[in-house]
Amino acid sequence: MLRFATTVLLAALSGFGVQAAPVEIVTAEAVKEARKVESFDLRADRTGQDYRVFLVRPVEPPPPGGYPVIYLLDGNATVPMMETVIGPNPPDPYGSAVIVGIGYPIDGPFDVLRRYRDLTPPTPPEFIPPSRDGASVIETGGRDDFLAFVETQVIPAVETRLRIDRQRRTLFGHSLGGLFSLYVLYTRGDLFQTYVAADPAIWWNGQGILKEQAAFLDRTARAGVAPGTALLIETSGKLVERPLPPTEAERLKRLRAGQTGREVAATLATVPGLRLAFHDFVEESHGSMLPLAVADALRFAFGRTPD
């Protein structure tokens with residue numbers, strides 16, 4: 001069960017740069033009365049690592065083709081955000097959405113070190129930023145193991161519990177999660193139909209994702225994408241500097257140079273058949289945009305373009 005109220009979550013996120021705003025207090029227990037919320041743990045076959053999966057069941061019966069489903073990375077944080085958006089009495093058509101959060105067996109919103117490993121390719125030390133505490137060792141390179149876990153364990157676990165429309169799967173990720181969303185689109189684009197990459201960390205690993213992007217562009221120039229494929233890329237406009245020694249701050253600035261989601265969106269505009277949308281949160285930071293991007297993911301999953 002999700003054990004914290006949305007207001008508590010937003011307070012916790014303040015350390016990540018999220019600016020808390022007055023919101024209606026919606027506890028997980030209150031949501032459960034309207035939309036069925038459960039959680040269960042899964043151990044990844046390939047790594048032996050434990051994950052917590054949060055599943056929100058609609059009250060209404062499934063549509064003829066099954067429920068649409070939205071998979072949220074960083075599920076400990078993003079599922080309460082999404083349920084705040086949907087609310088206890090959701091308007092049509094949002095009440096039909098199954099929400100799946102892929103998270104960790106922790107009490108807080110983020111497992112920072114595990115997400116580094118799960119969401120990244122093997123990354124040379126010179127491309128790894130300093131850890132937040134200055135002491136933790138950042139491990140990378142687990143994205144293919146994590147993708148296999150999502151495909152072969154999480155998705156089947158959800159689809160044995162609920163009747164899901166397999167042509168209406170959405171994947172949402174923020175930051176490194178946004179990078180992972182792009183990686184899945186570029187390499188396994190048939191696994192989901194809708195992708196949301198919120199402030200994707202294009203800079204990671206010396207912008208290595210651009211190699212997968214180039215292969216994707218070459219392939220889709222000949223064959224296009226699967227019918228119905230959609231991508232929303234969102235970016236933030238305000239930079240919040242981490243408190244670092246000058247040499248480390250300069251190094252981090254160099255690592256983060258280069259293309260952003262804006263340039264990637266412009267490049268992908270040429271992909272035949274791709275429903276592409278881009279939105280820039282000019283007045284938001286990397287952290288404070290997260291709840292807004294989650295809300296946009298819901299609308300985009302139902303065919304609506306963010307304002």
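L290 sits in helix α11, which covers residues 290-301. Setting aside neighbours within four places in sequence, the residues in contact with L290 are T78, M81, F110, F172 and H174.

What about the protein's nonpolar interior? Nonpolar side chains tend to be buried together in soluble globular proteins. Here, the largest nonpolar core holds 56 residues, and the ones that touch the most other members are Y71, V100, F146, V154, F192 and L268. Take L268: not counting residues up to four places away in sequence, L268 touches Y186, Q213, F216, L217, L231, I233, L274 and L276. There is also a second, separate core, made of 30 residues, with V56, V196, V294 and A297 among them.

Next comes a pair of helices. Two packed helices are described by the angle between their axes and the distance between the axes. For α5 (residues 143-161) and α6 (residues 176-188), the axes come within 12 Å and cross at roughly 75 degrees. Angles of 65 to 115 degrees count as roughly perpendicular, so that is how α5 and α6 lie to each other. On the α5 side, the contact is made by R143, D144, F146, L147 and E151, while α6 brings in F180, Y183, V184 and R188. Sorted by class, this contact has five nonpolar and four charged residues, with no polar ones.

A few spots in the backbone deserve a look too. Most residues other than glycine have a negative phi, and most peptide bonds are trans. Helix α7 (residues 204-207) contains N205, whose phi is positive, near 60 degrees, though N205 is not a glycine. N205 also counts as buried, at 17% relative accessibility. Q207, likewise in helix α7, has a positive phi of about 60 degrees without being a glycine. Elsewhere, the peptide bond from D92 to P93 is cis, with omega near 0 degrees. P93 belongs to the loop between α3 (75-86) and β4 (98-103).

Finally, how confident is the prediction? The average pLDDT of the protein is 89, and 89% of the residues score at least 70. Residues 1-32 are another story: pLDDT stays under 50 there, although the model has 54 contacts beyond four places in sequence for this stretch. Where pLDDT is low, the predicted coordinates should not be read in detail.

Note on methods. Residues numbered from 1 in each chain as written. Predicted model: local features only at pLDDT ≥ 70, side-chain atom pairs only at ≥ 80, totals over all residues. Heavy atoms only, no water. Axes fitted to C-alpha atoms, helices over the stretch in contact; angles between N-to-C directions. Helix = DSSP H or I, 4+ residues; strand = E, 2+ residues; numbered from the N terminus. Parallel < 35°, antiparallel > 145°, perpendicular 65-115°, else oblique. Contact = heavy atoms within 4.5 Å. Nonpolar A, V, L, I, M, F, W, Y, C, P; charged D, E, K, R; others polar. Core = buried A, V, L, I, M, F, W, Y, C linked by side-chain atoms within 4.5 Å. Buried < 20%, exposed > 50% of the residue type's maximum accessible area, 1.4 Å probe, protein only. pLDDT = per-residue confidence, 0-100.
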